Amino acid sequence: MRVFPIAAALVALIFAVRLGRRFAQTRRIYLAMWCGALLMYAIASAAVAAGAAAGWSRSLFEVYWIFGAVLNVPLLAAGEVHLLGRNAVLDLAVWVVLAFVFAYTIAVTRGAPMHAAALAERLPSGKEVFGDGSVAFSLPQLISIPSYLILVAGAAWSAWRMRGRPELRNRFIGTLLVAAGATITAAAGSAFAALGNLPAFSIALLAGVAVMFAGFLRATESRPSERSDLPAH
């Protein structure tokens, strides 16, 4: 099963490189945020592959939990807000919230006690590792789920703005694919991770990032008549 998370890591890395190149060309901050989020996705997927192959350590699970379970989704959502908001005050608020979320997540996770026996599983669940009701276990519910809702709402709003415009069909479809890929990871992936189902979780990792990447590629197939100020996910 480590083949699927390795493939997910490679797809996420290629996706991040494409986003990084696009940021270098345009200097649009949301692209840098998404690039960072996909790098986190790649690191977390690589951690899953390493844990499945060689066993889990505390440090390896921390990497997976921080980058995969918690922080990559708020960074994607922050990019969405930056793309759609384009307001200096809103951008500042987003950076402040991100700084707090990152610091809080790292501090809580690094300081949380872990049950060593739970790390012996092929895919340890956060509930078993940190304990039900612990702050570290609650981080995805507190941070990732609201961030996912912001991301999907932003994508839906972008798609709504582009509806019924044939010249924006690629961007419309691409935006919906990005939202679908995020949903695969957030919904199916999280459910399988909670159950400790490594095969299904690994497939969801790869499917989610592959669909998001396909959406990005479709959305950036711009035609000459497309306006450059509309969202390109």
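A pocket here is an open set of points on a 1 Å grid over the protein atoms alone, where a 1.4 Å probe fits, with protein on both sides within 12 Å along at least five of seven lines; lining residues have an atom within 4 Å of a point. Volumes are the space filled by probe spheres set on the points, with grid points joined across faces, edges and corners.

The structure is a predicted model, so to speak of local features takes a pLDDT of at least 70 and side-chain atom pairs count only at pLDDT 80 or more, while totals for chains, interfaces and linings use all residues. Residues are numbered from 1 along each chain as its sequence is written, and side-chain values use heavy atoms, with hydrogens and water left out.

On pLDDT, the predictor's confidence in each residue from 0 to 100, the protein averages 90, and 94% of the residues score at least 70. The exception to keep in mind is residues 223–233, where pLDDT is below 50; this stretch still has 39 contacts in the model beyond near neighbours in sequence, a contact being heavy atoms within 4.5 Å. Where pLDDT is low, the predicted coordinates should not be read in detail.

Helices are DSSP runs of H or I, at least four residues, numbered from the N terminus. Those giving at least two lining residues each are α2 (29–54), α3 (58–85), α5 (126–130), α6 (135–162), α7 (169–195) and α8 (198–219), and α7 gives the largest share, seven residues. The lining has 18 nonpolar, ten polar and one charged residues, where Ala, Val, Leu, Ile, Met, Phe, Trp, Tyr, Cys and Pro count as nonpolar, Asp, Glu, Lys and Arg as charged, and the others, Gly among them, as polar.

The second largest pocket comes in at about 210 Å³. Its 14 lining residues include Pro74, Ala77, Val97, Ser147 and Ile150, which lie nearest the centre. Here α3, α4 (88–111) and α6 each supply at least two residues, and the lining has 13 nonpolar, one polar and no charged residues.

Between α4 and α5, the loop holds Ser125. At 10% relative accessibility, Ser125 counts as buried, that is, under 20% relative accessible area with a 1.4 Å probe and protein chains only. Leaving out residues up to four places away in sequence, Ser125 touches Phe61, Ala193 and Ala194.

Conventions. Buried means under 20% relative accessible area, exposed over 50%, partly exposed in between (1.4 Å probe, protein chains only).
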